[in-house]
Amino acid sequence: MTINKNYSGIMIEDAMGRFLFQLRDNYPGIPNPNKWGLLGGRIEKGETPLQAIRREIKEELGIDLGHSNLKLLFKKESYANKRYIFYYKVDKDFKNIKIGEGQRFEFIKPSNLIFRMNAVNSLRIFILIYPFLKRKMMKREKIKSIKFAI
């Protein structure tokens, strides 16, 4: 039996430059128990990465993210697995968050999360390269808007 390692995650940013992170459940057998990580999860068979992240956010937070504001921030595809990280800018408070998975959620400045002892190690690295990825994403979006304007 092969294990599905395909993953879709999200960086949700608020107006103050903080990101919504999840303190994962502390159950043995789950990846990174009791650690701070991104929201997201496995891509189920037949799902696109976009469908997967929308489903995961609905399960974890109880909210429906419109697909028009979701932007692909990072993509890594290999023979063993596929990883997708999306970006979503929050223009208002998330007041209707309901914890469906994880111990709790918190908007945290990335620089503060790096130094928390219980942060997922790969997330620390991702946070360090995040500014470069965001600039690259913004350039892609600008090129798309120019193409449509012509």
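Predicted model: local features only at pLDDT ≥ 70, side-chain atom pairs only at ≥ 80, totals over all residues.
A residue counts as buried when its relative accessible area is under 20%, as exposed when that area is over 50%, and as partly exposed in between.

**Aromatic pairs**

| Pair | Centre to centre | Angle between planes | Type |
|---|---|---|---|
| Phe 19 and Tyr 130 | 5.1 Å | 80 degrees | edge-to-face |
| Phe 74 and Phe 126 | 5.8 Å | 80 degrees | edge-to-face |

Because Phe 19 belongs to strand β2 (residues 19-23) and Tyr 130 to helix α3 (residues 121-149), their pair ties together parts that are 111 residues apart in sequence. Both of these residues, Phe 19 and Tyr 130, are buried, and together with Phe 21 they make up one aromatic cluster.

Helix α3 also holds Phe 126, whereas Phe 74 lies in strand β5 (residues 71-77), so this pair ties together parts that are 52 residues apart in sequence. Phe 126 has a relative accessible area of 10% and is therefore buried, while Phe 74, at 23% relative accessibility, counts as partly exposed.

**A charge over a ring**

The ring of Trp 36 has the charged end of Arg 116 sitting over it, 5.1 Å from the ring centre.

**The surroundings of Glu 59**

Glu 59 is found in helix α1 (residues 49-61), and its relative accessibility of 37% means that it counts as partly exposed. Apart from neighbours within four places in sequence, Glu 59 is in contact with Gly 100 and Glu 101. Although Glu 59 and Glu 101 are 42 residues apart in sequence, their C-alpha atoms are 7.2 Å apart in space.

Note on methods: Residues numbered from 1 in each chain as written. Heavy atoms only, no water. Helix = DSSP H or I, 4+ residues; strand = E, 2+ residues; numbered from the N terminus. Buried < 20%, exposed > 50% of the residue type's maximum accessible area, 1.4 Å probe, protein only. Contact = heavy atoms within 4.5 Å. Phe/Tyr/Trp six-rings, centres within 6.5 Å; stacked < 30°, edge-to-face > 60°. Lys NZ or Arg CZ within 6 Å of the ring centre and 35° of its normal.
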